[in-house]
Amino acid sequence: PILILILIIIIIIMGVLLNDIKTARTEEAYNDVCLMGTDKDGSGGILASKLILAMRSQVFHKMFYGNFRESEALAIPLNYSSSVIRSIVDYCYTDRTTKSDEQQQAPSYSEADFRDMVSLRSAADFFELSELREVMADLLYSEMAKHPGMTCAVLDELSAVGETDGEFHDTCLGIIRVMGEAALLPNNDDDAHPGRGVLACGNSVIGKVLAEEVVGYDQYLVARCLQKWKPSGECEHTASNRDGASDDREDDGTKAGDIASKQYGEMRHAMIARGIAGRVRLNLIAPPKLARLNPCSLFSRDQLYEALKEHALSTEQEGGSILTKTAVRGQWCIVKGASCPGANGMYSADGISYNDGVPIYEKKGMYMDKAAPFKLFRRANDIAGKGATWFLGVYPVESMSKTYLYRSPVDEVEKDKIPRHTWRLVNSPFVTNHAELVPAPVVLGAPA
């Protein structure tokens with residue numbers, strides 16, 4: 001009873017202290033620095049206390065109390081927008097973020113919100129606020145799962161902040177790889193799928209998004225994306241598809257009033273579109289889909305006609321009809337936090353491989369310095385299907401024997417749902433160094 005009473009008193013004291021710190025946020029007398037954003041939104045900057053910021057971030061500590069000119073300055077310019085700086089300051093004071101609070105109120109975020117979240121994640125990384133960085137990454141994963149049409153905007157903003165590779169970047173590409181059309185060409189008439197898709201891509205991102213390793217061999221999808229992304233006026237009957245498309249383009253100089261820069265950006269934009277279009281193999285597109293492509297500067301009438309003629313000749317020689325295979329998309333999950341680096345990342349189901357009646361999720365990764373497939377699946381422990389278990393394992397190419405790395409019991413209520421936090425290390429004789437596999441991962445599942 002005494003220990004419980006002491007604990008209650010400590011909690012009350014901590015609550016009062018946190019409330020006082022939060023109140024100090026609005027008291028001008030306690031603020032001794034003004035952080036200026038790049039957008040200069042008219043607020044005059046964000047006021048804060050150097051002491052509180054320095055207590056939360058080593059970067060702020062070195063900035064304010066080290067041998068830097070910022071230590072004496074009253075106003076400090078930072079290379080982030082005012083909204084991002086405000087979120088950083090709020091987090092330092094309250095241990096909460098405005099974006100995560102808004103998630104409980106807003107039905108969905110706008111593209112500007114998604115871009116702010118990417119910038120906030122980047123800023124958290126710069127200021128060494130690791131918990132905030134992970135919070136924003138998880139929030140982005142969750143929102144991209146619900147709104148895949150925003151993934152291109154996330155990738156474009158990652159490029160803007162200089163993050164052009166890494167686990168988070170590759171996972172975003174993995175979402176596009178699995179979701180395909182839902183991510184690149186979302187139905188904007190459906191409120192459940194907001195986002196501009198491929199139109200949110202800038203010149204530095206479009207090549208990655210439409211690369212063969214991302215969209216596979218779906219040449220029809222690539223052609224449609226290019227027709228929508230290319231400069232307006234070049235494609236017959238499709239100019240209306242680009243409403244608002246150039247608002248966030250990295251090379252658009254309209255905001256600065258620099259017409260020459262804008263013209264250069266549009267020229268480069270067109271050159272990139274033509275370069276990607278030159279790699280599209282129209283003869284691999286099924287005739288019904290090929291006939292739906294509108295002639296334009298990227299795909300002329302003659303090119304489309306030649307591709308259709310090639311199909312017709314091939315069909316006539318084989319004496320049959322033209323058949324196409326379609327890939328099953330939409331089932332995927334994200335593994336994060338595993339100390340075995342190759343296990344982290346985007347897993348997808350091909351719609352063909354099943355075990356215990358549920359899809360097998362797979363990805364490629366590095367294991368013991370060699371490329372190997374990692375698989376996530378459910379397996380029944382007996383014929384009756386009782387005591388089923390989820391496994392995450394690796395299948396070394398040079399060995400036929402699989403190695404189970406982690407396991408998790410099945411949720412008795414939602415047996416087909418991939419567990420999230422219940423993964424544990426497998427005591428397998430094939431795992432030689434168990435210390436390398438601690439901690440166990442977290443799996444973020446996405447709906448089909």
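Two strands are said to pair if DSSP finds at least two bridges between them. Strands here are DSSP runs of E with at least two residues, helices are runs of H or I with at least four residues, and both are numbered from the N terminus.

Good morning, colleagues. The model shown above is predicted, so local features need pLDDT of at least 70 and side-chain atom pairs count only at pLDDT 80 or more, whereas totals for chains, interfaces and linings use all residues. Residues are numbered from 1 along each chain as its sequence is written, and side-chain values use heavy atoms, with hydrogens and water left out.

I begin with strand E8. Six bridges join E8 to strand E9, residues 403-409, and the two run antiparallel. Within that pairing, Val-394 stands opposite Thr-403 in E9. Strand E7, residues 370-379, is likewise joined to E8 by six bridges, again antiparallel, and Leu-376 faces Leu-392 of E8.

Is E8 buried or exposed? Six of the six residues of E8, residues 389-394, are buried, so the strand is largely enclosed by the rest of the structure. Buried denotes under 20% relative accessible area, exposed over 50%, and partly exposed in between, with a 1.4 Å probe and protein chains only. Thr-389, Phe-391 and Gly-393 point one way, while Trp-390, Leu-392 and Val-394 point the other way.

I turn now to Ile-276, which lies in helix H14, residues 259-277. Ile-276 is buried, at 7% relative accessible area. Its contacts (heavy atoms within 4.5 Å), not counting residues up to four places away in sequence, are Ile-206, Gly-207, Leu-210, Val-222 and Leu-226. Leu-226 is 50 residues from Ile-276 along the chain, yet their C-alpha atoms are separated by 8.0 Å.
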